[in-house]
Amino acid sequence: MDKLRDFLKSWPGRILLILCLSPLALLGIESYFQGNVDPNQIAQVGEASVGLSEYQNAVNNRRSEILDQIDDASLLNEDVLHEQVLKGLIDRTLLEQQAGKLGMTVSDDTINRLLRQEDAFKDENGEFSNDQFSNFLRQRGMTKDQLFAEFRNQLSLDQLNASIVGTAIYPMKAVNQLIDLQLESRNIWLHRFNWQDYQQKVKLSKNDIQAYYDANKETLKSDAMVDLAYIQLSPATIKVDQVTEEDLQQQYEGYKQGLAVVDERKLSQILVTGNDAKTRADKIKARLDKGESFAALAKTESDDPSGATGGDIGLFNPSVFGNDAAAVETALQGLSVGDVTAPIKTNFGYQIFTVTEDNGSKIPSLDSMREELTAKAKEYKRQSIYADKVTAINDLAADGFSIEDIAQQENVALKRIKDYRKNNNTSVLPQPAVIKQAFDEFTIQDQAVTAGIEVGSGTAWVQPSNYRPTQTLTLAAATPIITKRLRQQKASAMALKDAKQLAAGIKTVADINKQTVGFQALGQVNRQTTLLTEKERSLAFSKQASENGVVALASETEIGASVLVGDRIETERQSQLSDLEKAQTASIIRDNLGQDQLQDYLDYLRLVYKVEINEANMAGAQGQ
């Protein structure tokens with residue numbers, strides 16, 4: 001196993017893991033190599049195809065990976081997931097065909113040589129072992145030809161990928177220049193003109209609104225909306241009655257099973273039967289309490305044959321006591337060697353027990369864990385009630401009950417959201433899973449109640465009504481939107497005009513204090529400062545000031561317009577980055593450029609190889 005683990009850490013081992021055990025990571029999309037591609041195609045890519053089963057496997061694996069990283073499954077956008085997985089499979093197929101066309105391949109001799117170097121396949125003499133290699137293949141259900149074919153295919157893809165990504169050029173001189181920019185700093189004085197302070201001065205005519213509407217009609221569309229009625233349920237809202245002793249005992253048994261504790265206490269007993277059994281048993285217990293020998297009393301007083309051996313009955317075995325096992329076990333809880341129980345009424349009569357030997361594991365008594373077990377019992381009952389209620393609501397929804405009837409019958413609060421949006425949803429239910437169900441074609445057409453949707457730690461059911469699809473707004477409907485946009489545009493233009501006029505009058509630091517508006521002195525700032533907005537940071541270092549002077553810069557910004565006054569731009573004399581860190585920075589930049597080149601190359605391949613997507617199969621795979 002150690003050799004196998006070492007092999008899986010090597011490059012051929014990692015390739016095999018990628019191919020056979022986990023989703024492929026090329027381009028960030030996961031898929032599996034399959035010997036037999038399903039005849040149902042999702043896409044035809046040149047002369048190759050992406051099979052339905054391959055696609056479904058890739059989607060399922062990617063979904064599982066994402067769900068492992070998030071707590072709320074409803075946050076997963078299934079449409080985006082399917083889109084990304086399909087793109088990745090098509091990209092991989094394009095690269096595979098191109099690698100074959102370019103003759104990028106690896107010979108059997110090369111693969112043989114690489115495998116022979118792996119310690120996992122070497123015997124105790126350091127020689128390659130065919131037996132160990134055969135065993136490795138057998139464990140994975142593969143033949144040598146299959147392994148070689150998959151290695152060759154993956155290595156060919158790696159060659160093509162490296163030939164594209166590895167050609168990205170970003171010289172160290174440019175890296176140093178980029179670093180120098182990050183080291184620049186200057187003193188900044190800032191004044192902002194808020195566009196909202198100018199909006200009362202804006203005059204809009206009907207012609208302005210009509211002209212904007214005519215020029216931008218295709219972008220002025222309504223959001224797809226429904227009115228949503230919904231109910232939500234979570235375990236936290238379930239009320240639980242007080243737990244019983246039976247509930248506590250059940251949790252205690254589960255606790256002990258989880259510890260895998262074995263009761264290896266040896267017991268002795270005194271059994272008393274007959275009409276006066278209770279009286280006799282109490283007298284025997286009183287004598288035991290005074291210190292008389294348990295074994296001696298067992299021999300003289302016990303009505304069980306075990307009395308002849310001092311009452312010895314061996315290891316505790318609950319099955320011997322049938323329905324009385326719980327009562328006996330409760331009496332024995334916490335008993336140490338030499339302790340004696342009170343008389344216990346069982347089907348045999350009245351029994352008194354003592355522990356003669358204890359070779360088992362020590363576990364806490366039920367009483368010592370009562371608080372913890374009570375909490376567990378309540379949670380168990382809460383989850384059981386919650387699960388039953390979810391099932392009941394799902395059954396009512398499937399039977400065609402309305403959301404109002406379900407809420408009333410199950411005593412759950414009914415809530416409503418008017419104008420629930422398909423896009424840019426900021427409601428209390430913005431999760432993609434809820435939106436997908438609310439705008440499902442079947443659900444809208446039948447105005448049905450959806451099945452339960454897992455949302456956070458609970459479940460939601462929704463029923464849409466009054467569906468309004470996306471459509472171009474009329475002039476009347478668009479007028480409030482246009483008015484808001486034009487008012488901000490014109491107010492910002494006024495703000496920018498004043499900003500430029502203010503900037504024109506500032507040539508020196510002394511001029512700053514002569515202005516009728518106040519400036520905020522930010523002190524020495526660099527390009528990473530959070531005191532400026534994104535547009536202001538770009539403006540702040542766009543122009544150098546004259547020697548012993550300042551430069552005043554005005555520009556439209558996110559809030560209207562800003563005037564920034566800056567003195568000379570200074571650069572730290574020495575970068576704090578080492579040569580190694582600079583080289584690492586250059587490598588990161590080149591990798592990013594290389595990924596851009598790879599995407600450009602894939603766009604080119606889409607022109608070379610015809611790509612056709614089977615929309616019907618896609619819809620079926622997505623459950624649409």
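Thr-459 is found in strand β11, residues 458-468. Strands here are DSSP runs of E with at least two residues, helices are runs of H or I with at least four, and both are numbered from the N terminus. The model is predicted: local features need pLDDT of at least 70, side-chain atom pairs count only at pLDDT 80 or more, and totals for chains, interfaces and linings use all residues. Residues are numbered from 1 along each chain as its sequence is written, and side-chain values use heavy atoms, with hydrogens and water left out.

With a relative accessible area of 7%, Thr-459 is buried. Buried means under 20% relative accessible area, exposed means over 50%, and partly exposed lies in between, with a 1.4 Å probe and protein chains only. Leaving aside residues up to four places away in sequence, Thr-459 touches Ile-231, Gln-232, Leu-233, Tyr-386, Val-390, Gly-452, Ile-453 and Glu-454. A contact of this kind means heavy atoms within 4.5 Å. With one of these residues, Tyr-386, the side chain of Thr-459 also makes a side-chain polar contact at 2.6 Å. A polar contact is a pair of N or O atoms within 3.5 Å; within protein, one must be able to donate a hydrogen and the other to accept it, and residues adjacent in sequence count only if both atoms are side-chain atoms.

Another threonine, Thr-529, lies in the loop between β12 (520-526) and α20 (534-540). Thr-529 counts as buried, at 10% relative accessibility. A polar atom of its side chain lies 3.1 Å from the backbone nitrogen of Leu-531.

Lys-87 lies in helix α4 and is partly exposed. Not counting residues up to four places away in sequence, Lys-87 touches Gln-599 and Arg-606. The side chains of Lys-87 and Gln-599 make a polar contact at 3.3 Å.

The relative accessible areas of the residues described are as follows.

| Residue | Relative accessible area | Class |
|---|---|---|
| Thr-459 | 7% | buried |
| Thr-529 | 10% | buried |
| Lys-87 | 37% | partly exposed |
| Gln-447 | 42% | partly exposed |
| Asn-548 | 75% | exposed |

The largest pocket has a volume of about 720 Å³. A pocket is an open set of points on a 1 Å grid over the protein atoms alone, where a 1.4 Å probe fits and protein lies on both sides within 12 Å along at least five of seven lines; lining residues have an atom within 4 Å of a point. Grid points are joined across faces, edges and corners, and the volume is the space filled by probe spheres set on them. The lining of the largest pocket has 27 residues, and Pro-432, Ala-433, Ile-435, Lys-436 and Gln-437 lie nearest its centre. Helix α16 gives the largest share of the lining, five residues. The elements that each supply at least two lining residues include α4 (78-101), α16 (432-438), α17 (441-446) and β10 (453-455).

The protein chain as a whole has 22 helices and 16 strands. Of its 624 residues, 39% are buried.
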